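Have the viewer open and follow along.

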Amino acid sequence: MSPGIGLMDRRLKTEKDAISLATSGILKNYKLKDVKIKTLETKYDNDAGDWYVALGWNEKRVIIRMDSVQATITEIKEI
């Protein structure tokens, strides 16, 4: 039996950790180099245990959803 999300230790504990993972995921996914990525907004969902980070560069804007327990990117959505 595995513990519920409330009992598990989160790997993405701070906003800084979430921004770091989101930025590295965008750099890897979009194969960007020499681009200044700007953090537009961050939000933590207490019910789901997910981080949402909005990033922007040039004319692109994306929202990255991450699981705070597993420290993985679960969704990248362009807006």
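Which residues touch the most other members of the largest nonpolar core? Of its 14 residues, they are Ile26, Val53, Leu55, Ile64 and Met66. A nonpolar core here is a set of buried Ala, Val, Leu, Ile, Met, Phe, Trp, Tyr and Cys residues joined through side-chain atoms within 4.5 Å.

Before going further: this is a predicted model, so local features need pLDDT of at least 70 and side-chain atom pairs count only at pLDDT 80 or more, while totals for chains, interfaces and linings use all residues. Residues are numbered from 1 along each chain as its sequence is written, and side-chain values use heavy atoms, with hydrogens and water left out.

**Overall layout**

- Starting at the N terminus, the elements read α-β-β-β-β.
- Of the 79 residues in the protein chain, 28% are buried, where buried means under 20% relative accessible area, exposed over 50% and partly exposed in between (1.4 Å probe, protein chains only).
- Take the contacts between residues at least 6 apart in sequence: 37% of them join residues at least 24 apart, with contact meaning heavy atoms within 4.5 Å.

**The sheet and the helix on it**

- The four strands make an open sheet in the order 1-2-3-4, with antiparallel pairing; two strands pair if DSSP finds at least two bridges between them.
- Strand 1 (38-45) and strand 4 are the edge strands, each pairing on one side only.
- From one strand to the next, the twist averages 20°; axes are lines fitted to C-alpha atoms, for helices over the stretch in contact, and angles run from 0 to 180 degrees between N-to-C directions.
- Helix 1 (residues 15-29) packs on this sheet and touches strand 1, strand 2, strand 3 and strand 4, its direction making about 50° with that of strand 2.

**Strand pairs and hairpins**

- Eight bridges join strand 2 (residues 50-57) to strand 3 in the antiparallel sense. Aspartate 50 has aspartate 67 of strand 3 as its bridge partner, and tyrosine 52 has arginine 65.
- The hairpin of strand 2 and strand 3 has two residues between the strands, and asparagine 58 takes a positive phi near 45° there.
- Strand 3 and strand 4 are antiparallel too, pairing over six bridges. Aspartate 67 stands opposite threonine 72, and valine 62 stands opposite glutamate 78.
- The hairpin of strand 3 and strand 4 has four residues between the strands, and here alanine 71 takes a positive phi near 55°.

- Helix 1, strand 2 and strand 3 each supply at least two residues of the largest nonpolar core.
- Valine 53 is in contact with Ala18, Ile19, Ala22, Thr39, Glu41, Thr42, Val62, Ile63, Ile64 and Met66, leaving aside neighbours within four places in sequence.
- Glycine 25 lies in helix 1 and is buried, with a relative accessible area of 14%. Glycine 25 sits 51 residues from isoleucine 76 in sequence and 9.1 Å from it in space, C-alpha to C-alpha.

**The loop between strand 3 and strand 4**

- Serine 68 is in this loop and is buried, with a relative accessible area of 1%.
- What does serine 68 touch, not counting residues up to four places away in sequence? The list is Arg10, Arg11, Leu12, Tyr44, Gly49, Asp50 and Trp51.
- A polar atom of the serine 68 side chain lies 2.6 Å from the backbone oxygen of glycine 49.
- Valine 69, in the loop between strand 3 (60-67) and strand 4 (72-78), is buried as well, at a relative accessible area of 9%.
- Valine 69 and arginine 11 are 58 residues apart in sequence, yet 5.3 Å apart in space, C-alpha to C-alpha.

How values were computed. A polar contact is a pair of N or O atoms within 3.5 Å; within protein, one must be able to donate a hydrogen and the other to accept it, and residues adjacent in sequence count only if both atoms are side-chain atoms.
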